[in-house]
Amino acid sequence: MLRFLLLPSLLLGCLIGQTMPPERERQLARDIYKELIEIKSGYTTGATTPVAEAVAARLRAAGFPETDIFVGGAIPAKANVVVRYHGTGSKRPILLLAHTDVVEAKREDWSMDPFQFIERDGYFYGRGTGDDKAQAAVWIANLIRYKQEGFRSDRDLIVALTADEEGGGPYNGVQWLIKNKRDLIDAEFCLNEGGWGEMSGGRRISNDVQVSEKYVVNFRLEVRNKGGHSSMPVDDNAIYHLAGALDRLAKFSFPLKTNEVTRGYFQAMAKIEAGPLKSDLAKVTEGSRDAMERVARASAAWNATLRTTCVATQIEGGHAKNALPQLAAANVNCRVLPEDSVEYVTDVLKKVLADDQVSLAISGEVSQGPPSPLREDLFKAVSRLTDTLWPGVPAVPIMVMGATDGLYLRAIGIPPTASRASSSTGMTYAFTDATSA
Ligand SMILES: [Zn+2]
């Protein structure tokens, strides 16, 4: 699916009708992209500091003063780089975010070297070409271009390339910056990864822009029992209690509903869809229960877009083949709509499990942020740009089921809008007029 993607950037004056930057600029973007891909920054075995240093060196060479470049992070190997391009200051800054770590890539799992940048048949190959080093390269290439052209924005543009999005954990760059260098990244809003483009039958059909995401809550279900010998069973059995509760959960679904973002999404999908669900997709936006049922049944992704979901993912219990179980436990993983609270989900689950021998406790951390507002000015800019690059292709707002670093920014009032940068021959990079938004 990640084949055709919008690389967001910022408008330089009036570029309507001009979709590609000059060859020299494209080559610079491509060179940076290649350099970043070939640095091994796997989040468990690699380091992000060499990426941060390579970027800082390019910025210095382009004339950015040392005072506008920050390199640092949670540990020496996990540095982030933050750079500020000064505008007139009449509006608050925009934060342009990308992460520099990548999912681990084993050479034996790949048909080519994952840390060699390769262009073939119109696609770029290499770990991080889609997630998320193209975006990092585009931000930096554009910033250098602005510098060379003397562009003056009405706001500061802050680029933050950060560590350990993939692994999360203690070295996550966005969390570290919020805690230790908040002033460096403070902005009115943020552009981040998380969206994608969709193709169907070789035709580009939408540029999906993520404006909201579900949040995750894990629950541990637990039944404890005094146990006994299996030769003398009793009705009160920990495994049976848990199995009964999970069976009730399996048969339960949270109510179907839409919010501002998902209504926008289904509205756009109704225009794109050519099959029998076309009219149902339109009816979903009008609140039709029957249409929502049919749409949810048609696709696991649409089902997850229309409701909070909770599903059993792990199970444990018993300690010997001939002993009555003293413990039976399960993990239930919930993906919660932004408008549903943790308390609501907990209450509903208790009612569904309907057994007071089954205890329910939240396991791990819950990171919940409000949805980003659907900014009309920003969305118009993205739509206009998308149409300039790919005439007739709509920009579609989406809520995703996974999570990005955007959730930490949402929580502190810097709403992220996301579009994942990736690869197409010629390193297309696009221009939005978000600076004037
Ligand atoms: Zn990513």
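Mentor: What follows sets values for this chain against their definitions. This is a predicted model, where local features need pLDDT of at least 70, side-chain atom pairs count only at pLDDT 80 or more, and totals for chains, interfaces and linings use all residues. Residues are numbered from 1 along each chain as its sequence is written.

Trainee: How many helices and strands does the protein chain have?

Mentor: There are 13 helices and 17 strands, taken as DSSP runs numbered from the N terminus (helices: H or I, at least four residues; strands: E, at least two).

Trainee: Which strands form the open sheet, and in what order?

Mentor: The order is β12-β14-β10-β15, with antiparallel pairing. Two strands pair if DSSP finds at least two bridges between them; β10 (residues 215-224) and β15 have five.

Trainee: Why do β12 and β15 stand at the edges?

Mentor: β12 (309-317) and β15 (359-363) each have a single partner strand, so one side of each lacks a neighbour in the sheet.

Trainee: What lies across β10, β12 and β14?

Mentor: Helix α6 (residues 238-250) does, at about 20 degrees to β14 (327-336). Contact means C-beta atoms, placed from the backbone, within 7 Å; axes are lines fitted to C-alpha atoms, for helices over the stretch in contact, with angles from 0 to 180 degrees between N-to-C directions.

How values were computed:
Contact = placed C-beta atoms within 7 Å.
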